Amino acid sequence: MLIFRFFLFSLVTSFGIVAVRAAAVAPQTGEKPKLTATAEPGITFDWVHVDGPYVAMTFDDGPSAKLTSKLLDLLAAHHIKATFFLIGQNVAENPDIVAREVREGHEVANHSWSHPNLAKMSDDGVRDQLHKTEDAIRSASGNRPTLLRPPYGSITARQKKWINQEFGYKIVLWDVDPLDWRRPGPNVVCNRIIKMARAGSIILAHDIHPGTIEAMPCVLSQLEAKGFKFVTVSELIAMQTPLPPKPSPSPKSIPPKSTSPSPTPHN
């Protein structure tokens with residue numbers, strides 16, 4: 001009788017442990033699963049996978065009355081098209097330079113009216129910044145921008161989505177940043193760009209700093225010498241090709257069975 005009671009107690013205890021473990025791994029039907037944030041495909045670009053040595057030179061914060069014309073002369077001498085992300089206030093002050101950019105085949109895009117941090121602004125505040133700049137660009141050049149580069153690269157995922165829906169803008173960041181705004185000198189700016197550039201790169205620079213303009217002959221000549229070809233950002237995006245699938249890991253090799261005869265037991 002004692003043995004039977006012990007057996008029954010053990011059986012109940014084991015069943016309880018199994019039940020507790022099952023409850024621990026069972027899904028909680030009253031709890032919503034946590035969703036991970038995913039990038040919006042086709043909206044944000046900092047680099048583009050392309051077949052070929054294509055790169056996009058981009059220049060922010062202009063136009064500059066003193067410097068942008070010098071840059072345009074240099075680009076024309078190299079037969080290179082670039083993308084200019086324009087500050088609306090500067091467009092309003094220098095509409096003739098914006099008209100020249102478009103006339104010479106460059107792309108012009110929205111970089112806000114006064115360079116604020118969009119991520120810290122209300123939707124209405126952001127909307128006003130973008131509308132005013134778009135209107136200024138259209139008035140100066142006849143072109144409507146289709147790209148936005150947020151100042152400082154600062155923008156929320158929610159803002160990207162509604163701006164794309166409302167304005168039709170693609171959000172353009174970068175993968176090559178020489179930090180030219182710190183004014184490290186033309187040679188440093190050139191060396192940083194040459195070192196970091198790769199096929200599909202979107203290269204950030206600013207046409208409001210003298211050292212950047214001085215660095216450009218070196219940048220353009222050395223990138224050309226390495227075989228790179230220059231296109232606008234929209235042209236680069238149009239060239240996009242799918243990323244190749246990642247190779248699946250090879251199965252672990254199974255060591256072959258030994259073919260040597262089993263040892264003869266000693267009698």
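**View 1. A disulfide joins C190 to C218, with an S to S distance of 1.9 Å.** A disulfide here is a pair of cysteine sulfur atoms within 2.5 Å, and the structure, a predicted model, holds one. C190 lies in helix α7 and C218 in helix α8 (residues 210-225), so that distant parts of the chain, 28 residues apart, are linked. The link of C190 and C218 is left-handed, with -65° about the S-S bond. C190 counts as buried because its relative accessibility is 0%, whereas C218, at 25%, counts as partly exposed. Buried means under 20% relative accessible area, exposed over 50%, and partly exposed in between (1.4 Å probe, protein chains only). Helices (H or I, at least four residues) and strands (E, at least two) are DSSP runs, numbered from the N terminus.

**View 2. D180 is found in the loop between β6 (170-172) and α7 (186-196).** D180 is buried yet has no salt bridge, that is, a side-chain nitrogen of Lys or Arg within 4 Å of a carboxyl oxygen of Asp or Glu. The nearest side chain of opposite charge, R192, is 7.8 Å away; Lys and Arg count as positive and Asp and Glu as negative, while His and the chain ends are not counted. Leaving aside neighbours within four places in sequence, D180 is in contact (heavy atoms within 4.5 Å) with V189, A205, H206, H209 and T212.

**View 3. Helix α4 (residues 95-103) has the buried residues I97, V98, R100, E101 and V102.** These buried residues of α4 pack against α2 (68-78), β3, α3 (88-93), β4 (107-110) and α5 (123-141). After α4 comes G105, with a positive phi near 90°.

**View 4. Residues 1-39 have pLDDT under 50 throughout.** The pLDDT is the predictor's confidence in each residue, from 0 to 100. For residues 1-39 the model has one contact beyond four places in sequence. Among the elements, helix α1 (residues 2-25) has the lowest mean pLDDT (39) and strand β3 (residues 83-86) the highest (99). The mean pLDDT of the protein is 85, and 78% of its residues reach 70 or more.

**Notes to all views.** Residues are numbered from 1 along each chain as its sequence is written, and side-chain values use heavy atoms, with hydrogens and water left out. In this predicted model, local features need pLDDT of at least 70 and side-chain atom pairs count only at pLDDT 80 or more, while totals for chains, interfaces and linings use all residues.
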